[in-house]
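Open the model in your viewer and keep the sequence panel beside it. Each stop below tells you what to select and what is there.

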Amino acid sequence: SLWKVDDKTTQDFMQRFYKEWLVNGKSKRNAFVEAQRQVRKEKAYPYYWGAFVMVGE
């Protein structure tokens, strides 16, 4: 992440990402975008969802 994010939000984001990627079969990029969208719905302030970046494939 680009800055420190609280542990609960990080856990929530990562669980959503891996569920979308591994369980729902989305590409890593689409899983990332979906996880970000879901967190954004609950916590609109970018501090919570804007810190995460996708690096690599």
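**Stop 1**

Select Glu20: the residue is buried, with a relative accessible area of 8%. Buried means under 20% relative accessible area, exposed means over 50%, and partly exposed lies in between (1.4 Å probe, protein chains only). A salt bridge here is a side-chain nitrogen of Lys or Arg within 4 Å of a carboxyl oxygen of Asp or Glu. Lys26 counts as partly exposed, at 31% relative accessibility.

A note on the ground rules. This is a predicted model, in which local features need pLDDT of at least 70 and side-chain atom pairs count only at pLDDT 80 or more, while totals for chains, interfaces and linings use all residues. Residues are numbered from 1 along each chain as its sequence is written, and side-chain values use heavy atoms, with hydrogens and water left out.

**Stop 2**

How many salt bridges does the structure hold? There are four. Side chains of opposite charge can pair when their charged atoms come close.

Select Arg16 and Asp12. They form a salt bridge, and the closest N and O atoms are 2.8 Å apart. Both residues lie in helix H1, four residues apart, which is about one turn of the helix. Helices are DSSP runs (H or I, at least four residues), strands are runs of E (at least two), and both are numbered from the N terminus. Arg16 counts as buried at 18% relative accessibility. Asp12 counts as buried too, at 15%.

Glu42 is exposed, with a relative accessible area of 53%. Show the three residues together: salt bridges that share partners join Asp12, Arg16 and Glu42 into one network.

**Stop 2: the aromatic rings**

Next, show the rings. A search of the whole structure finds five aromatic pairs. Rings of Phe, Tyr and Trp (its six-membered ring) pair if their centres lie within 6.5 Å; planes under 30 degrees apart count as stacked, over 60 as edge-to-face and the rest as tilted.

Select Phe13 and Phe52. Their ring centres are 4.2 Å apart and their planes are at 5°, so the pair is stacked. The pair links distant parts of the chain: Phe13 is in helix H1, and Phe52 is in the segment after helix H3 (46-49), 39 residues apart. Phe13 and Phe52 are both buried.

Move on to Tyr18 and Trp21. This aromatic pair is tilted, at 5.8 Å centre to centre and 45° between the planes. Both lie in helix H1, three residues apart, about one turn of the helix. Is Tyr18 buried or partly exposed? Tyr18 counts as partly exposed, at 40% relative accessibility. Trp21 is partly exposed as well, with a relative accessible area of 27%.

**Stop 3: the surface patch**

Select Leu2, Trp3, Tyr45, Tyr47, Val53 and Val55. They form a nonpolar patch, with about 650 Å² of accessible area together. Patches are made of residues with over 30% relative accessible area and no salt bridge; like charges are joined within 9 Å, and nonpolar side chains (Val, Leu, Ile, Met, Phe, Trp, Tyr) within 5 Å. Accessible areas come from the Shrake-Rupley method with a 1.4 Å probe, and for residues only the protein chains shown count as cover. Pick out Trp3, found in the segment before helix H1 (7-23). Trp3 is partly exposed, with a relative accessible area of 36%.

**Stop 4: the whole chain**

Zoom out and switch to cartoon. The chain has three helices and zero strands. Its pattern along the sequence is α-α-α. The radius of gyration is 11 Å, close to the 10 Å that the globule rule gives for 57 residues, so the chain is as compact as a globular protein of that length. That radius is taken over C-alpha atoms, and the globule rule is 2.2 Å times the number of residues to the power 0.38. Of the 57 residues, 30% count as buried.
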